[in-house]
Amino acid sequence: MGRFWEKFPWFMLVLLVSVPLWLRNEYFLRVAVVVVLYALLASSLNVINGYSGLFNIGHAAFYCVGAYTAAILSKKFGLSFWLLLPLSGTASALLSFLLGFPTLRLRGIYFAMTTLGFSEIIRLVVLNWTSLTRGPMGIPGIPFPSFLGWQLRSNVHFYYVILATTALMVFLTGRVLNSRVGRAWIAIREDEMAAKAMGIEVFKYRLLNLAFGAFWAGVAGCFYAFFASFISPDSFTLDEGFSILAMVILGGQGTLVGPILGATLLTVLSEIFRGIAQYRLIIFGIAILLTVHLRPQGIAGNVVFSWRRDNLLSSKRAPLLAEGADYHVTPS
Amino acid sequence: MLPLLETRSLCRYFGGLKALEKVDIQVFDGEIFGIIGPNGAGKTTLFNVITGFLEATSGSVLFKGKQITNLAPERIARLGIARTFQNIRLFKHMTVLENVRVGFHIHTKTSILDAFLRSRTFWDDETKTMQRSLDILRRVGLVEQMFYTASSLPYGMQRKLEIARALASDPVLLLLDEPAAGMNPKETADLVEFIRKLNKEGLTIMIIEHDMKVIMNVCHRIAVLNYGVKICEGTPTDVQCNQEVIEAYLGRGRVSFGKSQEGPLEFLPL
Amino acid sequence: MFFLQQLINGITQGSMYALMAVGYSIILGVVGLVTFVHGEVIVYGAFAGFYALLISRGNAFLALLSGFAASWVLGTVIDRICYRPFREAARETALIATIGLSIALRSSAQVIFGTQQKFMPDMFGNRFLAFGEVRITYTQLFVLSTVMFLCILLQQLVTNTKFGVALRAVSMDKKAAALLGVDVNRAVLLGNALACGLGGISGVLLGMYYNAIHPLMGAAMAMKAFTSTVFGGLGSIAGAAIGGFLLGIFENFGVALLSSGYRDIFTFLILVIVLLLRPSGIMGRKGAEL
């Protein structure tokens, strides 16, 4: 099983790059853009939820801040899209320090509950700070980005931009996970006390982890602002954060592929059932419940989040698990 | 001679419960120091306070003459004190190799940027970590199980892995919390040998144990705790003869202190 | 006497928060988990009360009863879906289950009750007692007395009944309680249902006090309950109640001095400050955290 999941990302990448070649319908192309956008968002949440023992329910906050940073700076100062991508990410990352500082020294549950309030607060601030954000009216007319004199306005253009961004993110994340930093993150997730005993500064690494995840959510927000040309607080409600969470849980936390899978599945499903949009989140919630009951590690998850952890000790297949495990062991 | 580790009047209270009461201990460089006592005597609490996992209610801990009382565990680890835990705290879903590699954390400095760019620092760190991890695994005898998930190992090997991981941080002082628990006699004998070998190579070791065979055979000096108070400290022989110790602690069924006062001769090293 | 008036308002508001927080911390103790679904429990109770008021044409007690009953039932469902199956499992699993359920419930609330807020008429026709410039409305008195009554009832239940003893035993050590013959599953089920029932009542009271309920108010209420519990100190039900009262008072003063749009931001600020300065809360032991 593990072999399959190892090769899967490459297969997916090739498939994804080729999409505009065979998918000609503009509507479907637009869906494709949204799918990859949510893949980015879900992956960014997965970094936080799946690799550092944290639980973030309010990811919409970082998404929101990224989008608004991009929108405001673009309209007020005419900054280019390409510059705004990292800028928005940085804004979100800085914001994450605000969230992380009081909460990450404490047990994970404080963080989790606080993210709930945080998400709402950010939305409320955006909603009420009308002089900066135009409040409920939102910010319209965000210009199309340009690249070497070319204006990017078609779905295909945006598709490749978001695909490249997401691929970059996954690539960098993979590199981090396969390094001292990533190992520290996973150690913290596995056993915080033991990690401390090994000299790992848990608080600092959690902040770093949160900032990294927040950064990419901010980047996603910037992309969204330019893609949709119009943003308003309504796009960044709690429900948005819940959707992203559902994608991560369904697809499988703690793996690189899982969130992408979850994002694809749930986004496509949302589009198919557009008519019953108000039931969307009910279905997501039920999907989470089903996942937790039937396959807690998600579709692509390895056994990390399997709730019967003692199975590993008693299972006769135990030594084989190591081979199949979706783990990043550098070959010697 | 200045002790490597010293506790002075160390107290730790949990509300009304006096888990540690004015404990004075001195551990000198190069020795193996044992801590024994009945269950609930405060042994693990002592380790937890020394390593910064619990705050000392009063008193102080000094390492190499400097105050380390109430420092964060991460900092204490960096100073050269490593430990294992009473109920094994491995990184269950990481492989054996990965567990040991984490132990090297304080000796590497790859930052997130280095990781992105796969810089020179990154490769140097990775090579160094890999080499030393394999080295330690060889010493401990876990090379074959290198890619096994930690939780799939049998109990005895898990304990070995925990020690290996602690060794990876290249400590000056190693704290072992009941390393022989759950081991069969052969494994226990291997462990005793291993501890001796580590000590010969210059490692100072503090060890909490219930298995008297291990303690009496391997320790240079022993302290006995009972209800949070140190009731005796000295060589294994001294401890065996001590009346208070005999009364407080009747051994764990493996070795009994016996009713007679012929104590010492029965417990000569095997 | 601006101060006194605000104090009264704050205490009344705080009493509702206290009730929410008490339910929340009972679940914390008895089930042993931080639950994400309490906010929705409050919402469903509130709407049950709303419809009861509609049907009974203004019978406040029936409304309270309906709120309690609806949330009680919801509590038993929650136990079956999120708590019971995961008793032996890793903590995160149950947590995620409560999140999933709360997402589903939240959206269901929107579907069932519509997306607009519903107005609840003033129970007592805006009548009030006046002491000089200070007014206490009949509604405020009603809310306060209801909460007081419930607290006393709860206190009696927990200290003087077999059920209460079982609850306390289960909250301290489930295995030991089981060994002593306590039916842990039943205790958790009933304890949770009771706590949810209290949440439901607080929802109805909220509706009566603010004259409006909204299907999406669950998240905000969950935050109030959580903040109150942290503020007052974990592991202490009395602490949670005190935290609730204090939160109400502080929030009220803050809102009176600034603006009502900032109400929830205020709650959040208090949470952050408490977490920064004294995470164990007012009544918690120093160093005692979740």
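Predicted model: local features only at pLDDT ≥ 70, side-chain atom pairs only at ≥ 80, totals over all residues.
Let's start where chain A meets chain C. The contact takes 32 residues from chain A, while chain C brings 34 residues. Which elements of chain A give two or more residues to that side? They are helix H4 (81-103), helix H5 (108-128), helix H11 (238-251) and helix H13 (280-294). H5(A) gives the most, with ten residues. As for the kinds of residue on the side of chain A that touches chain C, 22 are nonpolar, seven are polar and three are charged.

Staying in chain A, have a look at helix H3, residues 60-77. H3(A) has 18 residues, and from its first C-alpha to its last it reaches 25 Å, close to the 26 Å expected at 1.5 Å a residue. Is H3(A) mostly covered or mostly uncovered? Mostly covered, since 13 of its 18 residues are buried. Just after H3(A) you'll find Gly78(A), with a positive phi of about 65 degrees.

Now over to chain B and its strands. Strand S3 (residues 32-36) and strand S9 (residues 221-226) run parallel, joined by four bridges. Within this pair, Ile35(B) stands opposite Ala223(B) of S9(B). S9(B) is also joined by five bridges to strand S10 (residues 229-234) of chain B, and these two run antiparallel. Here Ala223(B) turns up again, standing opposite Glu233(B) in S10(B). S9(B) and S10(B) form a hairpin with two residues between the strands, and in that hairpin Tyr227(B) takes a positive phi near 50 degrees.

Definitions and conventions:
Residues numbered from 1 in each chain as written. Chains lettered and ligands numbered in written order. Contact = placed C-beta atoms within 7 Å. Nonpolar A, V, L, I, M, F, W, Y, C, P; charged D, E, K, R; others polar. Expected span 1.5 Å × (residues − 1). Buried ≥ 20, exposed ≤ 12 C-beta atoms within 10 Å, placed from the backbone. Pairing = 2+ DSSP bridges.
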